[in-house]
Amino acid sequence: MQKYMLTENDVMPDLDNSRAPPGILGSVRQAATSLWECVLERLRSVRPWSEFMDCSRLSLPTKAEVFGRVTRNLSAFRSNYIALLLVVSLYYLVTHLVFTVCMGACVLAWQWYRSRTEPCFMGNTEIGPVQAYAILTLVTLIVFYMTSGRDVMFWFVLIGSVVVLAHASLRVPDEDPDTSAVSSTMATYFRMPI
């Protein structure tokens, strides 16, 4: 029997090393790190909230203005809309804890299976990758249904899209010389009033 001796890296892992530790915790840490970096990158490009919430820039659009306003405001305030949707999703995750915990357990089960190197057995029968993924998918769908995931997703999508599209269509976009030139050229081409 071989004794295992702890090294300094076993007790205190090297955080400067970009390679995540093996196993499920390593893959979860790596996914969380990349997600966090993406969120931080988006939050750095958020326009000032005073500009986003400026009520003097809100007005009812005409039918011809709606599409132009939505496209310009979606590109101008993309990061603000993402931050707003993150707040709404955090609200839903906190207020629906059973859904959050169960879906987190499903994500951990998927990560656990993907990080396995040895075959998986159920009793004495070896389970292949196709069967394992089918079982994981079935269990995830059942858990999603049993925890009212449909309701959570429906209200999240509904509230998120209504808030984003209402703001994008009601706010008068900033006049950008490049954007207005392109929109006037397109309006001339399609014979649409601006």
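A residue is called buried under 20% relative accessible area, exposed over 50% and partly exposed in between, with a 1.4 Å probe and protein chains only. By that rule V162 is partly exposed, because its relative accessible area is 48%. The model is predicted, so local features need pLDDT of at least 70 and side-chain atom pairs count only at pLDDT 80 or more, while totals for chains, interfaces and linings use all residues. Residues are numbered from 1 along each chain as its sequence is written, and side-chain values use heavy atoms, without hydrogens and water.

V162 sits in helix α8 (residues 149-170); helices are DSSP runs of H or I, at least four residues, numbered from the N terminus.

The aromatic rings come next. Rings of Phe, Tyr and Trp (its six-membered ring) pair if their centres lie within 6.5 Å; planes under 30 degrees apart are stacked, over 60 edge-to-face, and the rest tilted. The count is 9 aromatic pairs. One of them, Y91 with Y92, is edge-to-face because the centres are 5.5 Å apart and the planes stand at 75°. Y91 is exposed at 52% relative accessibility, whereas Y92 is buried at 10%.

W110 and Y133 make a stacked pair, with 5.6 Å from centre to centre and 25° between the planes. W110 belongs to helix α6 (residues 97-115) and Y133 to helix α7 (residues 129-146), so this pair ties together parts 23 residues apart in sequence. W110 is partly exposed at 25% relative accessibility, and Y133 is partly exposed at 32%.

W49, F52, F77 and Y81 form one aromatic cluster.

How values were computed. Helix = DSSP H or I, 4+ residues; strand = E, 2+ residues; numbered from the N terminus.
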